[in-house]
2 protein chains.
Amino acid sequence: MFVAPWRSLIARALHRNRSQPYSRYFQLATVQADGRPANRTVVFRGFLGDTNLLKIITDTRSQKIDQILDQPWAEVCWYFTVTREQFRISGELALIDASHSNPELQKARRSTWQDLSDNARSQFAWPPPGKTRGQQEAFSPPPPDPANPLPNFCLLLLDPIEVDHLELRGDPQNRWCYLRDQFNTWSTTEINP
Amino acid sequence: MFVAPWRSLIARALHRNRSQPYSRYFQLATVQADGRPANRTVVFRGFLGDTNLLKIITDTRSQKIDQILDQPWAEVCWYFTVTREQFRISGELALIDASHSNPELQKARRSTWQDLSDNARSQFAWPPPGKTRGQQEAFSPPPPDPANPLPNFCLLLLDPIEVDHLELRGDPQNRWCYLRDQFNTWSTTEINP
């Protein structure tokens with residue numbers, strides 16, 4: 001897969017905003033079964049190898065799993081506070097859970113788990129997210145095996161087909177639209193902010 | 001309307017994060033006609049008087065207008081970087097455009113316009129957002145009348161029915177769900193992060 005033209009822009013933004021750890025957070029919008037949107041902050045876990053796929057992690061017990069199974073389409077909104085620029089990235093999500101049949105993707109799921117902090121791994125052993133608050137003890141589980149993901153650990157891959165890049169700096173602001181066609185070729189159009 | 005219990009939490013977050021101007025930005029997710037989500041950064045313009053309605057502004061030429069007419073449901077994701085807390089606010093959006101019949105809401109639309117900076121007002125006289133980039137001169141329109149909104153200026157009001165508040169600080173993290181029932185009464189439940 002060719003590296004998309006917006007990849008270097010994301011790399012540049014991550015570099016220029018690296019003083020702020022939350023520059024790796026973005027907002028992921030999905031659609032619920034009732035047709036209403038859902039929106040939450042997630043952590044960018046890098047690209048999958050040399051592909052254009054964005055890595056995110058989630059818990060199979062979270063509400064977004066059913067949403068994604070029903071409607072895999074998602075839009076990421078990623079605002080960088082230092083450089084004052086926004087990327088809107090839309091595409092389809094793929095769920096790589098413990099039962100996924102592709103060995104390469106299982107390998108990616110495992111290495112993503114291994115790259116997590118102990119603290120981040122522990123959260124997958126916490127009581128089910130979104131349910132009535134459990135006892136304090138339940139939040140101090142034995143540390144999970146750092147080598148092998150817990151069964152509820154899920155890798156999410158976003159495969160972008162459109163990226164809208166807005167720079168608030170500039171007079172007027174600058175905005176471009178990157179669009180992928182059926183031949184996996186990316187076009188670039190400068191648009192009005 | 002009674003002030004919702006999460007209002008003071010938002011006020012506190014805005015106060016504690018006031019050193020960062022982008023603390024007034026949040027991500028607004030809506031759903032497109034094809035059932036896919038859309039997600040973009042918008043600016044919080046305060047609450048409407050003493051109600052629980054969040055004010056946002058938009059341009060009637062922007063894509064979100066058709067989305068909202070088709071599916072008024074939205075979810076805001078608001079992450080505060082200093083205090084490391086997130087509010088997810090879901091509810092229905094109402095569009096208050098130039099033709100809206102309610103005089104009180106027209107008054108609110110007008111005063112929101114008056115509160116904008118000259119620069120923010122000028123953007124409503126720019127070429128249509130999202131279209132192929134216009135000439136540079138088109139971005140230097142005569143300054144619009146500060147007293148009376150341009151016809152394409154639209155006030156958006158979000159009427160929350162659910163608020164999910166997550167504090168990343170805390171061991172474990174703290175999370176609460178605020179839910180409005182049919183009698184406009186808010187319930188609070190502490191839930192697992």
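Modeller: One definition before we start: the expected span of a helix is 1.5 Å times one less than its number of residues. Also, this is a predicted model.

Colleague: OK. How many residues does α3 of chain A have, and how far does it reach?
Modeller: Helix α3(A) covers residues 103-115, which is 13 residues. From first C-alpha to last it reaches 18 Å, close to the 18 Å expected.

Colleague: Which residues of α3(A) are buried?
Modeller: R109(A), T112(A) and W113(A). Down the axis of α3(A), the buried residues fall within an arc of 100°, so they line one face of the helix.

Colleague: What do those buried residues pack against?
Modeller: Four elements of chain A: β3 (54-59), β5 (85-96), α4 (118-122) and β6 (153-167).

Colleague: And which exposed residues sit on the face turned away?
Modeller: P103(A), E104(A), K107(A) and S111(A).

Colleague: Switching topic. How many residues does each chain bring to the contact?
Modeller: Chain A brings 40 residues and chain B brings 40 residues.

Colleague: Which strands of chain B supply at least two residues each?
Modeller: On the side of chain B that touches chain A, they are β1 (25-31), β2 (37-43), β4 (73-80), β5 (85-96) and β8 (186-190). β4(B) gives the most, with 6 residues.

Colleague: How does that side divide into nonpolar, polar and charged?
Modeller: The side of chain B that touches chain A has 19 nonpolar, 14 polar and 7 charged residues.

Colleague: Now the backbone. Is the bond from D171(A) to P172(A) cis or trans?
Modeller: That peptide bond is cis, with omega near 0°. P172(A) is in the loop between β6 and β7 (174-180) of chain A.

Colleague: What about D171(B) and P172(B)?
Modeller: A cis peptide bond joins D171(B) and P172(B), with omega about 0°. P172(B) lies in the loop between β6 and β7 of chain B.

Colleague: Why point that out?
Modeller: Because most peptide bonds are trans, and most residues other than glycine have a negative phi.

Colleague: Then which way does phi go at N184(A), positive or negative?
Modeller: Phi of N184(A) is positive, near 65°, and the residue is not a glycine. N184(A) is in the loop between β7 and β8 (186-190) of chain A.

Colleague: Is N184(A) buried or exposed?
Modeller: N184(A) counts as exposed, because it has 11 C-beta neighbours inside 10 Å. The cut-off for exposed is 12 or fewer.

Colleague: And phi of N184(B)?
Modeller: Positive, about 65°, although N184(B) is not a glycine. N184(B) is in the loop between β7 and β8 of chain B. N184(B) is exposed, with 11 other C-beta atoms within 10 Å.

Definitions and conventions:
Residues numbered from 1 in each chain as written. Chains lettered and ligands numbered in written order. Predicted model: local features only at pLDDT ≥ 70, side-chain atom pairs only at ≥ 80, totals over all residues. Buried ≥ 20, exposed ≤ 12 C-beta atoms within 10 Å, placed from the backbone. Arc of directions from axis to C-beta. Contact = placed C-beta atoms within 7 Å. Nonpolar A, V, L, I, M, F, W, Y, C, P; charged D, E, K, R; others polar.
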